[in-house]
Each structure stands twice: as structure tokens, then as C-alpha cells.
Amino acid sequence: MIFNLKKSRRRSIFGGIFIVRDMEKWIRLFLPILVIYTHAMQAQSPTGVVKGTVYDFTTKEQLPGATIQVLNNLSKGTATDINGRYMLEMDTGYSRLVCSFVGLKTYTFSVHVEEGRVTEQDVYLKSNAKSLETVVVSSGKFDQHIEDITVSMEVLKPKLIANKNTTSIETALEQVPGLSIIDNDPQIRGGSGFTFGVGSRVQILQDGIPLLSGDAGRPEWNYVPVENIEQVEVIKGVSSVLYGSSALNGVINVRTAYPRSTPKTMITVSSGEYSLPQSPVNQKDWWYNNKIPGLANINFFHSRIIKQNLDFVVGGNFNMDQGYVQAPPPAIYLPWDIKRAMNITAKDSIHTFTNSDMLKVRGRINFNLRYRSKKIQGLNYGVNGNGMYNKTNMIMAWLDDSANINKGYPGAVFLERQVMFNVDPFIKYSTQSGIHHSLIGRIFHTDNQITNNQSNNGTNYFFEYQVQRAFKSLGLTATGGLVSNISTSTSNMYASSGTPHNVMQNRSAYIQVDYKLWRIITLSGGIRYEYFKMNSAPGNYVPIARGGVNVQLLKATYARFSAGQGYRFPTITERFITTRAGMFAVFPNTALIPEQSTSYELGLKQGFKIGSFMGYIDGAVFSQSYKNTIEFLFGEWDPSIAIAGFKFINTGNSTVNGMDFSISGTTPETNKRFGVTALLGYTYVNPVSTTPSYTYAQYVPIAGNPNNPEQLSYNSTSYNPTGNIMKYRFQHLVKADVEFKIYRFSWGISYRYYSKMANVDKALGDLETLTNNPFFYPIKSIGFWNSHKGFNIFDTRLSYRVNSRQKVSLVCSNVFNVTYMLRPMKLEPPRTTMIQYVYEF
């Protein structure tokens with residue numbers, strides 16, 4: 001069955017290539033017929049044609065998607081194509097036209113149309129210096145002012161990403177208010193604990209296409225092309241109607257950039273080292289082969305327009321990182337008589353690694369190709385791609401919480417070699433009447449070679465057809481689409497399903513309508529119908545809906561309310577993974593069922609301008625309830641596999657209530673002498689189990705009575721059940737980043753505060769007791785957790801622009817060298833100091 005499925009997909013892929021090749025031929029054949037029919041249906045009054053190109057006045061770039069309308073009849077108009085060109089047939093005589101584009105000043109101009117003649121009129125739109133214009137697409141899949149949308153959103157600009165010497169995108173995302181990343185797992189507003197990134201409740205997108213791995217729903221942060229980012233948009237709150245199952249808590253959409261009229265090349269080189277942690281680490285143990293552990297990185301990027309119609313972008317990254325966690329010591333093996341007494345039947349198989357094995361090496365290259373048709377206005381098509389080789393490691397637990405905090409625990413460290421690539425074909429066509437057709441696809445393949453029999457490979461096939469119609473005169477935009485997402489995976493880790501070969505299918509249809517009423521009210525609503533099927537099990541059908549309203553109360557004051565439903569189907573990994581190394585394991589749960597949520601939010605956004613500094617203040621209160629909440633819990637699940645480990649469990653129902661507050665602002669880039677950019681925020685959440693006594697599982701303790709299993713609930717498995725606070729959440733988060741520019745110098749400072757996790761698994765304490773004997777290295781984490789009330793982390797950077805092409809920077813992360821953890825038994829990076837050199841031409 002799997003072979004036939006793959007074979008049919010190969011036919012679909014090659015068939016898609018022929019469709020792309022022949023698409024323009026068919027459109028050219030039928031377009032004249034449509035034009036003749038349209039003319040026949042029109043009144044026979046004398047007409048002429050107005051045409052031209054719309055430009056950005058400052059950059060002189062052409063503006064695709066700009067609107068041209070007749071001022072006294074706004075129902076008559078057109079939009080510019082991908083090259084910024086427009087053409088509009090009009091009645092003869094004098095007329096006034098209005099040209100608008102999101103983020104720029106509207107421009108009104110007069111034309112004189114003569115019968116049977118073509119009048120050319122180019123338009124240059126100026127920036128609006130009186131307000132901060134931020135344009136986003138993720139909320140409704142079309143360009144909108146950020147103040148008009150009905151959900152909470154933060155925008156991360158490429159300048160901050162570059163200035164922080166970002167080599168992997170998650171380090172920059174950590175500055176986004178309300179967002180934290182715990183050991184690869186993105187959390188928005190406390191919507192999840194930590195899961196090693198598996199089964200993400202936050203959808204990760206690149207240019208609107210999912211970038212989560214097909215088998216595990218796991219983000220691959222190193223895979224994101226940080227050298228080519230237009231901006232990153234973070235939606236806070238359920239977004240499943242437009243983006244599907246994984247958008248239960250929000251969306252992170254990375255938008256890459258296409259070329260401008262001037263070719264651009266950028267090369268970034270950086271190198272640095274880690275500092276010795278503050279904890280009592282043996283300094284001799286910290287050095288690797290008599291060298292301080294260091295890291296080096298190279299990014300390159302080039303973009304240009306070839307022969308006016310072919311957009312070409314290429315970029316890449318090479319990174320070497322010795323890391324700050326050393327290899328574990330040789331394992332201690334339990335005698336067989338003790339293992340039998342503890343009901344442990346699994347054989348030990350623990351690899352021994354050296355510090356040289358812990359070296360990380362990564363190479364990645366990506367490209368974008370887009371052809372804008374000369375013969376058919378509004379048609380463009382192309383292909384994007386990315387590929388990466390990554391030698392890395394995964395660390396489940398440290399050796400202890402004091403002198404050996406910088407070492408891994410035997411059996412809790414895995415080496416990994418990844419090869420992954422994606423190919424994204426697309427065809428887009430926009431008509432002059434405002435109808436936009438889009439057919440996009442992604443074939444995403446991953447091959448992970450991991451020690452201890454954890455290797456896996458899989459392919460994700462994603463295709464989406466979307467049609468969008470903008471009724472400019474009505475202020476209405478309707479968006480609809482059909483989505484197919486099929487993931488295949490092969491791994492012995494997933495054999496608990498009955499086979500190492502697994503297939504996950506998801507198909508859906510959606511529609512969303514956004515309506516602008518009286519220029520001050522924005523209404524948004526949509527529905528999605530989802531179908532899920534895993535292997536041969538019966539499929540699941542589910543409808544979900546969302547709605548929202550945004551009202552402009554004053555000139556720069558906007559209130560919003562939104563409500564939405566979410567539904568997340570478990571991944572292949574969550575249900576079927578079985579893996580073990582030494583005393584640790586991850587256990588399967590074939591009975592895991594989908595989780596559902598309902599979300600509400602009330603928010604207020606206020607624009608401000610102080611001198612030349614302008615931006616927004618945003619505040620929101622929110623409530624999200626979950627049914628069949630899936631948590632990744634540590635415990636003693638099955639001694640026949642391992643002493644302890646993690647398992648995905650439906651733990652009952654829960655709610656997350658809270659508030660967040662953010663400020664974002666900047667001065668115009670036209671000021672070459674002085675500038676300020678700021679992004680600050682505070683988030684409070686109260687994540688509570690509403691079914692603390694619900695028994696969600698049972699197990700037989702080590703050396704326990706099989707006839708008297710223990711009942712597991714929130715109350716019985718929580719180290720601190722006071723207040724029913726859910727495990728592995730930060731209730732208070734503070735984020736701040738401010739940068740000042742004075743002539744050629746720039747100085748920036750970042751701050752992050754993580755409050756103490758109020759609750760963790762009780763099994764962590766039990767594990768300390770269990771390993772406090774000569775047959776184990778004692779595992780310690782509860783003392784470290786108890787002794788720290790929160791973590792304050794500062795970063796700083798200083799740069800000097802040598803000339804228009806060169807910049808030199810000193811970047812220091814964790815300036816005060818705080819020893820901290822964001823999840824138990826995992827050390828976060830100590831002070832890291834880097835020198836960066838940037839050359840542009």
C-alpha cells in the first residue's frame with residue numbers, strides 16, 4: 001500500500017511539472033476568448049485605456065498589488081500585477097483616479113481618456129512618515145495593516161535578527177513578547193509544557209507553507225534561512241482555521257524576501273567562544289583538548305532580477321560549534337540480579353562518546369526562483385528549495401546540578417546526522433478584477449541517522465490551492481482553499497503501531513471573509529473542515545470556526561475581540577515512539593486521542609508618536625480552554641523498557657488565562673545620524689488543570705505489586721500541586737530589546753526574565769531517590785529547581801559601520817554568565833562572545 005501511495009505521488013509530482021510548463025500556453029489560448037466575451041457584455045459607450053506602473057517613491061521599486069480605482073465609482077478599478085503594472089479601460093473624458101497600497105500614502109490624480117487611445121500614467125507613492133506602517137499577511141493571507149487585524153500579533157524585523165548575530169532563528173524568536181522556546185519547543189502564552197519540540201502546538205511556516213517535520217510535528221530551527229528574511233510574524237492565539245491542526249496556540253510565519261531592482265550580495269562571518277559556567281565546574285574539564293570551546297559561522301546571500309522578469313535568490317550557511325555540554329562519562333551497568341529484583345528485563349546498550357564526537361557541523365543552501373510572465377499579465381510561477389546537512393547531538397539530561405552540570409548523563413545523549421531538503425513549486429495568477437489564484441506545494445524529506453537505533457526518515461507532501469477575491473468597493477476580501485498534507489515515515493522507533501512504516505493523512509477545506517465597514521470596523525470570520533487518518537485506523541472529521549472584530553475608536557486607537565476553535569491530531573511520534581538508552585526511555589501511547597481548544601481574546605492597540613519615535617502599545621487579556629490536553633510527562637511507565645522516561649498522555653481538561661502587554665517602536669531610517677528601535681513586553685499566564693483528580697493512567701512501580709498498580713492523576717504526579725498549576729510553564733515572562741544608533745555606532749541591549757516554574761513532575765524527585773546508590777550516577781535537578789526563583793538574562797551588542805558596505809560588531813549573549821535552565825536537567829548556554837563582520841555589495 002505504501003509503495004503504491006508513493007508511486008501515485010511520483011506521478012502527481014511529474015504531472016505537476018508538465019502542468020506548470022503548459023499552464024501559460026493554455027491561459028494564452030483562452031484569455032482572448034474571455035476578453036472578447038467581456039467586451040461584448042459591456043455597453044457600447046466610447047472608451048480608452050489608461051496604463052502605467054506604480055512605484056515606491058523612496059526605493060523606486062515597483063509595487064505589485066497596488067489598487068487603482070475611479071474616484072466617483074470605486075467599484076470600477078484594478079490592481080497592479082507582479083511587476084507593478086496596471087491597465088484600466090475607462091469611458092472617455094476627464095476622470096480622477098485614486099491609487100493606494102498598504103503602508104504608503106494614498107495618491108489621487110487626474111487623467112484625460114481619448115477614444116481608442118492609450119494614456120500612460122506612472123504613479124509614485126510616498127511613505128507615511130506620520131505613523132509606523134507595519135504590513136502583515138499571516139492573519140488573513142493578504143496584506144493588512146497590523147492595527148486592523150482581529151488577533152494579537154508581533155512582528156520581528158530582519159534588522160534585529162542580523163544584529164543579534166542569529167545563526168538559528170529560535171535565538172531571535174526568544175525576544176518576542178509572549179513566546180518562549182524550551183529545548184526546541186515553542187510556547188505561546190503558556191499553551192504547552194515542554195516536549196522536545198514534538199507535537200508542536202505552534203504552527204511553523206515559511207512563506208505560508210508548514211515547516212514542521214511530518215512524523216513528529218517538530219520544528220527544525222536550524223533549517224530556516226536566517227540570511228534571507230523579510231520579516232517574521234507571530235500570531236498569538238488559536239489560528240487553526242487558516243493554518244490547520246498545529247496552530248492550536250498560534251503561528252510563526254517566516255517570510256523570505258525576493259529581489260529588489262538593485263542586486264544585493266551579503267556575506268556575514270562570525271567567530272567566538274563560550275565562557276566557563278559560574279557553577280563549580282572543574283576548569284580542566286571545561287577545556288576541549290586544551291582549547292576553550294568555540295563556534296564559527298558564515299552566512300551568504302545574493303539576490304537579483306535577471307532580464308526584468310526572472311527573480312533569483314540564493315543563500316547559505318556554514319556553522320561549526322563545539323558546544324558547551326561535554327560528553328558523558330562511561331556508563332555504570334546494573335548487575336542482573338538487581339535488575340531482576342526491580343522487574344527490569346531490557347538489556348543495556350549505552351554508547352560511549354568523546355568530546356570530539358560532540359562537535360556540531362552544519363551546512364545549508366537555499367534558492368528562490370520566480371518567473372513573471374511577459375505575455376500574460378498577472379501570471380508568475382517558479383520553484384523554491386532548501387537543503388541541509390547537520391551533524392548535531394541531543395541531550396536529555398545533565399550528569400548533575402553542580403560540578404558536572406556541563407556534562408551529559410550516560411544514555412541520555414544521542415548523536416545525530418541529518419540530511420533534509422524541500423522543493424516548493426508554485427503557480428500564481430491574478431486577474432485585473434481582483435481574483436487571485438494560487439497553487440503551492442512542498443515536498444519535504446528528512447533522513448535522521450541517530451545513535452541507539454533511533455534513526456528515521458520520512459517525506460511530507462503538502463499542496464494547497466487558494467483563491468482570493470478582493471471587492472475593493474465593498475471593503476470585502478474572501479479567501480478559500482483546499483489543502484492536502486500527507487506524511488510518510490519509516491523507523492523501528494514507531495513499530496508499536498504494528499509496522500515501522502506509517503502514514504498520516506490530513507485533508508481540509510477552509511473559507512475566511514474579512515470585511516471593512518465604514519472604514520473603522522473590520523469583521524473577520526471563517527470555518528475549516530478537517531479530515532485526519534493515520535495508517536488503517538478510521539478517519540476523523542471535524543469542523544472548526546473562528547471570528548473577530550476590530551474597531552477604530554480614535555485616530556490611533558483600536559479595540560479588538562476574537563474567538564476561535566482549535567483541534568490537534570497527535571503525530572506519529574507521539575503515538576508510536578519507543579526508544580531507550582540506559583535508564584531513560586520515551587514510551588509509546590497508541591491510545592492517544594486528539595486535543596481540542598476554544599480561545600477568546602480582548603485587546604487594545606494604541607499608536608503613538610514622540611518626536612520622530614513612533615510605534616504601538618498593545619495590551620490583551622485572553623482565555624483558552626483545552627479538552628483532552630496532551631502533556632509530555634516524566635515517570636516510571638514500564639520497567640520492562642526502562643526505569644524512567646517520558647510519555648505523551650491525555651491528562652484531562654485545562655485552562656490558560658492571562659494577559660500580555662507589548663510596546664514596539666522605531667525612528668525613521670531616513671535619519672542617518674540618530675535612531676532608536678525598541679520591542680518590549682510582559683506576559684502573565686495562569687495555566688490550571690481543571691480535572692486534577694482525573695485518573696489518566698496507571699503503572700506498576702519498580703519492585704511493586706503488579707496486582708496493585710498506582711493511579712496517576714495531576715494530583716498524584718505533581719511535585720507542587722498547589723493551585724493546580726500545570727507543569728513546565730513560566731507564569732511571568734518579560735522581554736525587552738532596545739537599540740540606539742549614533743552616527744556610525746550602534747549599541748543594543750536585550751533582556752529576558754523567566755519566572756520559576758511553579759510545578760514539575762514528582763517523578764523527578766523519585767528519580768533522585770532511586771539513583772542515590774552505587775549502581776547509578778546520582779541524578780539531581782530538584783535542588784537546582786528549588787534554589788532558583790527566576791532567571792534574569794542580559795545580552796548586548798556594539799557595532800561600527802566602517803562604510804556603506806562594511807560593518808563590524810561585538811555580540812555578547814548572557815552577559816552576566818548566569819547558570820540557568822528552562823526545563824529540568826538541561827543547561828542553557830553560558831556567556832557567549834562573538835565578533836561579527838558583514839560585507840555588502
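Because the model is predicted, local features need pLDDT of at least 70 and side-chain atom pairs count only at pLDDT 80 or more, whereas totals for chains, interfaces and linings use all residues. Residues are numbered from 1 along each chain as its sequence is written, and side-chain values use heavy atoms, with hydrogens and water left out.

The secondary structure of the protein chain comprises 10 helices and 47 strands, where helices (H or I, at least four residues) and strands (E, at least two) are DSSP runs numbered from the N terminus. Of the 841 residues of the chain, 55% count as buried; buried here means under 20% relative accessible area, exposed means over 50%, and partly exposed covers the values in between, with a 1.4 Å probe and protein chains only. The chain exposes about 35200 Å², of which carbon and sulfur atoms supply 59%, the areas being computed by the Shrake-Rupley method with a 1.4 Å probe and, for residues, with only the protein chains shown counting as cover. Among contacts (heavy atoms within 4.5 Å) with a separation of 6 or more, 67% are accounted for by residues 24 or more positions apart.

Strands of a sheet pair through backbone hydrogen bonds, either parallel or antiparallel, and two strands are taken as paired if DSSP finds at least two bridges between them. One run of antiparallel pairing can be followed from strand to strand. Strand β29 is joined to β30 by 8 antiparallel bridges, with a hairpin of 2 residues linking the two strands and Asn550 standing opposite Arg560 in β30. Strand β30 (residues 557–568) is in turn joined to β33 (residues 595–610) by 12 bridges, again in the antiparallel sense. Within this pairing, Ser562 stands opposite Glu601 in β33, and Ala563 stands opposite Tyr600 in β33. Tyr600 also has a bridge partner in β34, namely Ser623, and the antiparallel pairing of β33 with β34 (residues 613–627) extends over 15 bridges. The hairpin of β33 and β34 has 2 residues between the strands, and Gly611 in this hairpin takes a positive phi near 65°.

Elsewhere, an open sheet of 5 strands with mixed pairing has the order β11-β16-β17-β14-β15. Its edge strands, each pairing on one side only, are β11 (152–156) and β15 (209–210).

When residues up to four places away in sequence are not counted, the contacts of Phe584 include Tyr409, Phe634, Leu767 and Ile779. Leu767 belongs to helix α9 (residues 763–770), in which Ala763, Leu764 and Gly765 are likewise buried, and the cover over the buried residues of α9 includes β32 (584–587), β35 (630–635), β36 (644–650) and α10 (782–787).

Aromatic rings of Phe, Tyr and Trp (its six-membered ring) are paired if their centres lie within 6.5 Å, with planes under 30 degrees apart counted as stacked, over 60 as edge-to-face and the rest as tilted; by this rule there are 26 aromatic pairs. The rings of Tyr531 and Tyr541 have centres 4.8 Å apart and planes at 45°, so this pair is tilted. Tyr531 lies in β28 (residues 521–534) and Tyr541 in β29 (residues 540–554), so the pair ties together parts that are 10 residues apart in sequence. Tyr531 is buried at 18% relative accessibility, whereas Tyr541 is exposed at 55%. One aromatic cluster is formed by Phe194, Phe632, Phe646, Phe648 and Tyr728.

Arg831, in the loop between β46 (826–827) and β47 (832–840), is partly exposed, with a relative accessible area of 26%. Beyond its neighbours within four places in sequence, Arg831 is in contact with residues including Glu273, Tyr274 and Cys812, and Cys812 is itself buried at 13%. The structure holds 0 disulfides, a disulfide being a pair of cysteine sulfur atoms within 2.5 Å.
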